[in-house]
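Welcome, and thank you for taking a look at this one with us. Please keep the sequence and the 3D view open while you read.

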Amino acid sequence: MEEELSFDEIDKIIIETNDFGPWNTDVFWKIYNKDKRLKVPLGCRGESIMLEKFQSFPDFDNEKFIEAMSSTENNIFQVWIKK
């Protein structure tokens, strides 16, 4: 099942990591608005475009993003919240 959110509908972005890698998906984008939560695996089609747009959001936390990409443990990193 495919779901969508337009960029202007997003309220919060979290990166969730786990210890299932490298043989299974171990990083997910969790994208929220008041009605939906999308869980998108790292490496999905169009991810580079999505990341570029996210990084243009005011106060996107690139340091948390880098920390999340380096994580090999079960963890949650909030990289952006709408103000």
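## Aromatic pairs

The structure, which is a predicted model, holds 6 aromatic pairs. Take phenylalanine 54 and phenylalanine 57 as an example: their ring centres are 5.7 Å apart and their planes meet at 55°, so this pair is tilted. An angle over 60 degrees would have counted as edge-to-face, and one under 30 as stacked. Both phenylalanine 54 and phenylalanine 57 are buried.

Which way do the side chains of β2 point? Val27, Trp29 and Ile31 point to one side, while Phe28, Lys30 and Tyr32 point to the other. Residues on both sides are buried, and the strand, spanning residues 27–32, is accordingly described as mostly covered, with 6 of its 6 residues buried.

β2 has a partner in β1 (residues 12–17), joined to it by 6 bridges in an antiparallel arrangement. Here lysine 12 stands opposite tyrosine 32 of β2. Strand β3 (residues 37–41) is also antiparallel to β2, with 5 bridges joining the two. β2 and β3 form a hairpin, and 4 residues lie between them.

## Lysines over rings

Two rings of β2 each have a lysine over them, and both are worth a look in the viewer. Lysine 12, the residue opposite tyrosine 32 in the strand pairing, also lies over the face of that tyrosine, at 4.8 Å from the ring centre.

The other case involves phenylalanine 28. The charged end of lysine 39 sits over its ring, 4.7 Å from the centre. Phenylalanine 28 and tyrosine 32 point the same way from β2.

## Serine 71 in its loop

Where does serine 71 lie? You will find this residue in the loop between α2 (62–70) and β4 (75–81). Is serine 71 buried or exposed? Its relative accessible area is 15%, and the cut-off for buried is under 20%, so serine 71 counts as buried.

Leaving aside residues up to four places away in sequence, serine 71 touches Thr17 and Phe77. With threonine 17 there is a polar contact as well, made between the two side chains at 3.1 Å.

Notes: Residues are numbered from 1 along each chain as its sequence is written. This is a predicted model: local features need pLDDT of at least 70, side-chain atom pairs count only at pLDDT 80 or more; totals for chains, interfaces and linings use all residues. Side-chain values use heavy atoms; hydrogens and water are left out. Rings of Phe, Tyr and Trp (its six-membered ring) pair if their centres lie within 6.5 Å; planes under 30 degrees apart count as stacked, over 60 as edge-to-face and the rest as tilted. Buried means under 20% relative accessible area, exposed over 50%, partly exposed in between (1.4 Å probe, protein chains only). A charge sits over a ring if NZ of Lys or CZ of Arg is within 6 Å of the ring centre and within 35 degrees of the ring normal. A polar contact is a pair of N or O atoms within 3.5 Å; within protein, one must be able to donate a hydrogen and the other to accept it, and residues adjacent in sequence count only if both atoms are side-chain atoms. Contact means heavy atoms within 4.5 Å. Two strands pair if DSSP finds at least two bridges between them.
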